Amino acid sequence: MRSDPSGAVPPGGAEPADATDPALETLRPGQPTPGAVGRVGPGADEGLADPGEVGRRQRHEVWMRRALEVAVTDPADGAPADDVDAVADIPVGAVVYGPDGAELAIGRNERELTGDPTAHAEVLALRRAAERLGRWRLEGCTLVVTLEPCTMCAGAIALARISTVVFGAWEPKTGAVGSLWDVLRDRRAIHRPEVYGGVLETENAAVLRAFFR
Ligand SMILES: [Zn+2]
């Protein structure tokens, strides 16, 4: 199992922690990931990377709180999202951290604000991180997002060679990192990042519930 999130992962290198999980052997497309019982979403935590030592879990939570902050911030003026355009967008925030843990870029869902169907928080954060580093390969980087990524974002994460994904709330209807699909941990995929799901799940779910209320 890869346990050092700061270590660069060679392409086609070490397998993710769950690759040898026998429970995943029998999975067929459309089947829920095992361990769904008792979880908020059908995506289970089974097969996810082990949060490991306390230090890592705490770092993930600190990073997730930053992503939550981004989720509820108006991208237009940096103020709390309270105008009509910003409020129209589902509050999802993403942050990309470099191998050294430095914040590289942020993104908030801006689909309604910009009228762009691909303007999801993850895609915007990946684009900005790549722009900042001057390259599309984001090996060694960690993407933190408040909601389980969709198929498009999971695809973009894999294409960007992100090494670690940390997400908050499970998304049973569109989630592609364990709920409806498991794009990032599909054993046919060339690039499989380490995945940590359900980080600050309660807080993240509460922000989304408040939006849809
Ligand atoms: Zn998405």
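Strands β1 and β2 form a hairpin with five residues between them, and G101 in the turn has a positive phi of about 90°. Strands here are DSSP runs of E with at least two residues, and helices are runs of H or I with at least four, numbered from the N terminus. The model is predicted: local features need pLDDT of at least 70, side-chain atom pairs count only at pLDDT 80 or more, and totals for chains, interfaces and linings use all residues. Residues are numbered from 1 along each chain as its sequence is written.

β1 is largely enclosed by the rest of the structure, because five of its five residues are buried. A residue is buried if 20 or more other C-beta atoms lie within 10 Å of its own, exposed if 12 or fewer, and partly exposed in between, with C-beta atoms placed from the backbone. In a regular strand the side chains alternate between the two faces of the sheet. Both faces of β1 are covered: G93, V95 and Y97 are buried on one side, and A94 and V96 on the other. β2 is largely enclosed as well, since five of its six residues are buried.

The chain as a whole holds seven helices and five strands. From the N terminus on, the order is α-α-α-β-β-α-α-β-α-β-β-α. Buried residues make up 44% of the 213 residues. Two residues are in contact if their C-beta atoms, placed from the backbone, lie within 7 Å. Among contacts between residues at least 6 apart in sequence, 61% join residues at least 24 apart.

The largest nonpolar core has 50 residues, of which A67, A94, V95, V96, A125, L143 and V144 touch the most other members. At least two residues of this core come from each of α2, β1, β2, α5, β3, α6, β4 and β5. Such a core is a set of buried Ala, Val, Leu, Ile, Met, Phe, Trp, Tyr and Cys residues joined through C-beta atoms within 7 Å. In soluble globular proteins, nonpolar side chains tend to be buried together. Beyond residues up to four places away in sequence, L143 touches A94, V96, E122, A125, I157, I162 and V165.

E122 carries the UniProt feature "active site", from an unreviewed entry. UniProt positions follow the numbering used here, feature names are shortened, and annotations may be inferred rather than shown by experiment. E122 lies in helix α5, residues 121–133. E122 is buried because 29 other C-beta atoms lie within 10 Å. Leaving aside neighbours within four places in sequence, the contacts of E122 are A94, G107, L143, V145, P149, C153, A156 and I157.

Helix α7 covers residues 201–212; at 1.5 Å a residue, its 12 residues should span 16 Å, and its end C-alpha atoms are 17 Å apart, which agrees. The expected span is 1.5 Å times one less than the number of residues. Within α7, E201, N204 and V207 are buried. They cover an arc of only 135° around the axis, so they lie on the same side of α7. The arc is that of the directions from the helix axis to the C-beta atoms. T202, R209 and A210 are exposed on the other side. The cover over the buried residues of α7 includes α2, β3 and β4.

Terms used. Two strands pair if DSSP finds at least two bridges between them.
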